[in-house]
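Here is a friendly note to read alongside the structure you have been given. Keep the 3D view open and find each residue as you go.

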Amino acid sequence: MISRYLTAFYQENVQSSGENVMSAIVPLMKLISLTLIGLFLAHPKTQMIPRATFKLLSKLVFALFLPCLIFTELGESITLDNFVRWWFIPVNVLISTAIGCVLGYLVVIVCRPPPQLTRFTIIMTAFGNTGNLPLAVVGSVCHSAENPFGAHCNSRGVAYVSFAQWVAVILVYTLVYHMMEPPEEYYEIVEEGVEIQEQPAVNNVSRPLLVEAEWPGIEDKETEHSKTPFIARIFKSISSVSQSALSDVDFSGEAGGGGSPRSIRCLAEPRVVRRIRIVAEQTPIKHILQPPTIASLLAIIIGTIPQLKGFFFGYDAPLLFVTDSLEILAGAMVPSVMLILGGMLAEGPNESKLGLRTTIGISVARLVLLPLLGIGVVALADKLNFLVAGDSMYRFVLLLQYTTPTAILLGAIASLRGYAVSEASALLFWQHLKWWLSLAFGKSLYPSE
């Protein structure tokens, strides 16, 4: 089944190599040009724009430009019917992440990274960028009257990408957050590095742009346990914090029970449940409600309720001037993102203990193997009629979720947890340099109308 689909896919899309190559290269050159401008402006030898300016620009993207883009495009495109029809977009994020985890585990087996970086290797292979970079790619591809996806190219593409973001955000602030905690057996080493190297830069302009590129103000999000192996200590019952927390729970159980020890034992919360609850309380679920996520929720609510949608969208909408103003601001999102990426690359890679072999292994798995597997997944989903019929942009966004490099947000999570910060910076640097080749290859294979 898959082989027949890929054969037909090749005959319809790849054999017209001239047009396909040009459709892949031209949008790519647009993005490269914007990135090179940012790199030139931020390069230490030119220093035409200081690093602090790029940090402010990243805050504008995070708090203003990106939410405006999501709200205007997703709110106009989504309806209650589309909300149901697009179900495979968030599911595809979970599938791509699961496949990435398997590939990451294979990288660990083959490349043998340092033991304290095993989980880091799996995470950096599994979680790709599902937000800013896909939006930039869609904007670049659709920035032409001869784009291969027809009318409303940008609106549909942005809507599809935005619809997938909430799943990725939930995964990052729950699963990734806990998987990125410092390994307990290496905690003393990590703790010393954090105290000596990382703490002085918390409120300093010298903090790497990578750390705040997709999560500005991260230094305000640190908690008492963010840089400790909290889960390991809770489940091994060796942390004084967990012991006190558990004793508090026991005390509340005693207060709610009767006077007999048997009633206390019957009403007491099971130990495993207590530990899971303590871990859940330390999960930064509140950070999920960031401006882009809030914009997505508002767009979905307003878009799926016709009475509300009529106030914001349409030629005779009473609040059309508000939507148009937000749309003007949204136009700055794509160039700003690529300028920030250029500024990040201008800082260069940090020293890394990950090793060259593991760095190459993660990059190959993330940028070569995963896109190829993604084509098979989307082909199978198409055969099973899981996709929107006749919508090539829908398929393009699904395939794009397998093509992007590791999410820059993981660099911020690494800084928040005090775990492998230098390794994350170096790996993201090299991946984003290699990403252009992967994108050009993938784009030449992706379907078009």
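The numbered points below walk through a few features of this structure.

1. First, a reminder about what you are looking at: this is a predicted model. Please keep that in mind whenever you quote a value from it.

2. Let's start with a pair of helices. Helix H5 covers residues 88-111 and helix H19 covers residues 356-383; their axes lie 9 Å apart and form an angle of about 145°. The crossing of H5 and H19 is right-handed. On the H5 side, the contact includes Phe88, Asn92, Ile95, Ser96, Ile99 and Gly100, and on the H19 side it includes Arg357, Thr358, Gly361, Ile362 and Ala365. What kinds of residue make up this contact? Between H5 and H19 there are 13 nonpolar residues, five polar ones and one charged one.

3. Arg112 sits in the loop between H5 and helix H6 (118-126), and its phi is positive, near 50°, although Arg112 is not a glycine. Asn385 belongs to the loop between H19 and helix H20 (392-400), and here too a residue other than glycine has a positive phi, near 60°. Are these residues buried or exposed? Exposed means over 50% relative accessible area, so Arg112, at 66%, counts as exposed. Asn385 is exposed as well, with a value of 66%. By contrast, Cys111, one of the H5 residues in the contact with H19, is buried at 9% relative accessibility.

4. The largest nonpolar core holds 100 residues, and Trp86, Phe120 and Tyr394 have the most contacts inside it. Which helix gives the most to this core? Helix H8 (residues 153-179) does, with 14 residues. Take Tyr394 as an example: leaving aside residues up to four places away in sequence, Tyr394 touches Arg85, Trp86, Trp87, Phe88, Ile89, Tyr160, Phe386, Leu387 and Val388.

5. How many disulfides does a search of the whole structure find? The search finds one, and this disulfide joins Cys142 to Cys153 with an S to S distance of 1.8 Å.

6. Helix H21 (residues 409-417) is worth a look for its covering: nine of its nine residues are buried. Among them are Leu409, Gly411, Ser415 and Arg417. Just after H21 comes Gly418, with a positive phi of about 65°.

7. Finally, find Lys45 in the loop between helix H2 (17-42) and helix H3 (51-77). Lys45 counts as exposed, at 77% relative accessibility.

Key: Residues numbered from 1 in each chain as written. Predicted model: local features only at pLDDT ≥ 70, side-chain atom pairs only at ≥ 80, totals over all residues. Heavy atoms only, no water. Axes fitted to C-alpha atoms, helices over the stretch in contact; angles between N-to-C directions. Helix = DSSP H or I, 4+ residues; strand = E, 2+ residues; numbered from the N terminus. Left-handed = near helix turned anticlockwise from the far one by under 90°. Contact = heavy atoms within 4.5 Å. Nonpolar A, V, L, I, M, F, W, Y, C, P; charged D, E, K, R; others polar. Buried < 20%, exposed > 50% of the residue type's maximum accessible area, 1.4 Å probe, protein only. Core = buried A, V, L, I, M, F, W, Y, C linked by side-chain atoms within 4.5 Å. Disulfide = S-S within 2.5 Å.
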